[in-house]
Amino acid sequence: MLAADDEKQIPQLPADWSRCHAYNDRKRRYCRQMPAPGFNYCGNHLHLIEGHEAEGHKKRVCGEESSSSSNKKNKKDRGARVPCPIDPSHLIFESALAKHVLVCPAAKQKEETCSREYYRHDTNRGGFGELGDTYTGEDVETDLGRAKILAMAVLKVFCSIFPSALSSAQKESDGRGNLSDNILKCLTEDDIYNALPEVDHSKSEEGIANDISKHRIKAGGPRHLHQIASILGHVRQNGLIATNDNTEQAVIVEMGAGRGMLGLVIASAIGAAQVESTSSSKVKLCLVERSGTRGKAETKIRTAVGSTMQNNSDDNLRLDRVDVARIKCDLAHAHMSTALPLLSSKEQKSRSVVVAKHLCGSGTDLALKSLRDIARTGKVDGCIMATCCHGLCTWSDYVGRECLLNLFCSVGGLPKFGVRDFNQLKRWTSASVLENGNAGTDQQRQEEEGGEGVNDEHKVGNADTAKGKSQNIFSVVKELNLACGGRGLGRACQRLIDYGRTDYIKKHLFEADLSKGKVDVSLCHYCSSEITPQNALIIAKRKSA
């Protein structure tokens, strides 16, 4: 039994929940381990049952002796746990530090990665544009006045970029042609959200869910399937699926791929479309991911190729027509021209689509900069990227610096803009997934069967919600009496960061096509915020002649 105080804070168990009944407060979800026989809790959480320790099931830390006195002695001898200097994601005892660095698996993996021909240290770092105000003095945390000025500048810039946020009655200006503060303060959260169109193509890809289940592709829960279907629909609706020239090699590049399920579904869909066009070549799928993972797309493709299942002309996915390659490298160091010689070669005819689903923080900026060489060859037909975790972006790697510097100084009325203002913006973006007026309450999301909570997929940060920080977004909203609330202002900050990226794509990746009017770059919501609060999609494509 759990304590009564704990039960008050724990949400109700999902329907038909057969896993452990222990609630993880940090992850805001229930434990997903199978329960021990005869209990509602897994072996790691049996200690939560009152009296269970008295029955001889005392909880022990893995690797420690059963004697408490011996444990205390060993802990003192081994010292404190410290991050591994090679890979800080795991901890080791201080006494074992010298020995561990010689045998750490991360060291071998790093050496192997650095030896690959496409590895170029920090080749994609540095972002694009001037750094602007490089203020290094006292942080802006205690300057409420500057935070209020920045908040109003955000709304001014947002309305200049997305005029649909304003109704026809609101499109008034003062004598200088600037939007009045009163109009900006009257903007609601819905006005800001609806400034981007919601274009959900998941309904046009309804059969994909059945095909994914048929091929046993572990693409995640219903929310993930919805997002994958919508992104696939955007690829298809923008003319990036079918190939008119059978001699062209179709290439799908998924950035920050993880297991690579999005790329697998899109490449398989293109493979099915090519069967209808009698193309003989397979679709090339390139997955770029820095860390290893289980249940990868490669396994599914090998299984499909080796299976005896007859080809079905009605099948929307053809895994047997996909060749896959994985680039195991951080996007900061991946030299894509070397990794993808097919796209940099002038002799071979090919066309490619770059996709990403929830590429966190600066990962989107690193991915876009890595395309600077191959995009100029004319072989990248489009980019479809779902962004997220704006709070993890960095000014030094952000590719839209040139755009934001210009907008905030010319439209926003700021005398200068730089790293401290950008850091403030990225902290405010986290408020888009918080309850208005309640800095400490995240949206609670649970999903049946391997549910995905907000914090599982996105690191939302703290939005400067700690007491004592005067530039806390909710304090700023209250001081200015903004109708949009903290969620609306946070979402506006997200869209400005994404807009800077679209500007980089137009002017520096597809600049040759931009001068000819043959490039289209836009932002939209590819699903509702109920599916995922991080629902913005960058769409860039070359127009056909």
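**View 1. Helices H19 and H20 are roughly perpendicular to each other (65 to 115 degrees counts as roughly perpendicular), because their axes cross at roughly 110 degrees.** The axes of H19 (residues 473-480) and H20 (residues 485-509) come within 9 Å; axes are lines fitted to C-alpha atoms, for helices over the stretch in contact, and angles run from 0 to 180 degrees between N-to-C directions. Contact (heavy atoms within 4.5 Å) involves Ile473, Phe474 and Val477 of H19 together with Gly485, Gly486, Leu489 and Gly490 of H20. By class, four of these residues are nonpolar, three are polar and none is charged; Ala, Val, Leu, Ile, Met, Phe, Trp, Tyr, Cys and Pro count as nonpolar, Asp, Glu, Lys and Arg as charged, and the others, Gly among them, as polar. The model is predicted: local features need pLDDT of at least 70, side-chain atom pairs count only at pLDDT 80 or more, and totals for chains, interfaces and linings use all residues. Residues are numbered from 1 along each chain as its sequence is written, and side-chain values use heavy atoms, with hydrogens and water left out. Helices (H or I, at least four residues) and strands (E, at least two) are DSSP runs, numbered from the N terminus.

**View 2. Helix H5 packs against H20 at an angle of about 55 degrees.** The axes of H5 (residues 144-161) and H20 are 10 Å apart. This angle makes H5 oblique to H20, a class for angles that are not under 35 degrees (roughly parallel), over 145 (roughly antiparallel) or 65 to 115. On the H5 side, Ala151, Val154, Leu155, Val157, Phe158 and Ile161 meet Leu489, Ala492, Cys493, Arg495, Leu496 and Tyr499 of H20. This contact has 11 nonpolar residues, no polar residues and one charged residue.

**View 3. Seven strands form an open sheet with mixed pairing.** The strand order is S7-S6-S5-S8-S9-S13-S12, where two strands pair if DSSP finds at least two bridges between them. Strands S7 (322-328) and S12 (519-525) stand at the edges with a single partner strand each, so one side of each has no neighbour in the sheet. On average, neighbouring strands are turned by 15 degrees against each other, direction ignored.

**View 4. Strands S5 and S6 pair in the parallel sense.** Five bridges join S5 (residues 249-255) to S6 (residues 283-289). Lysine 284 in S6 is the bridge partner of valine 251.
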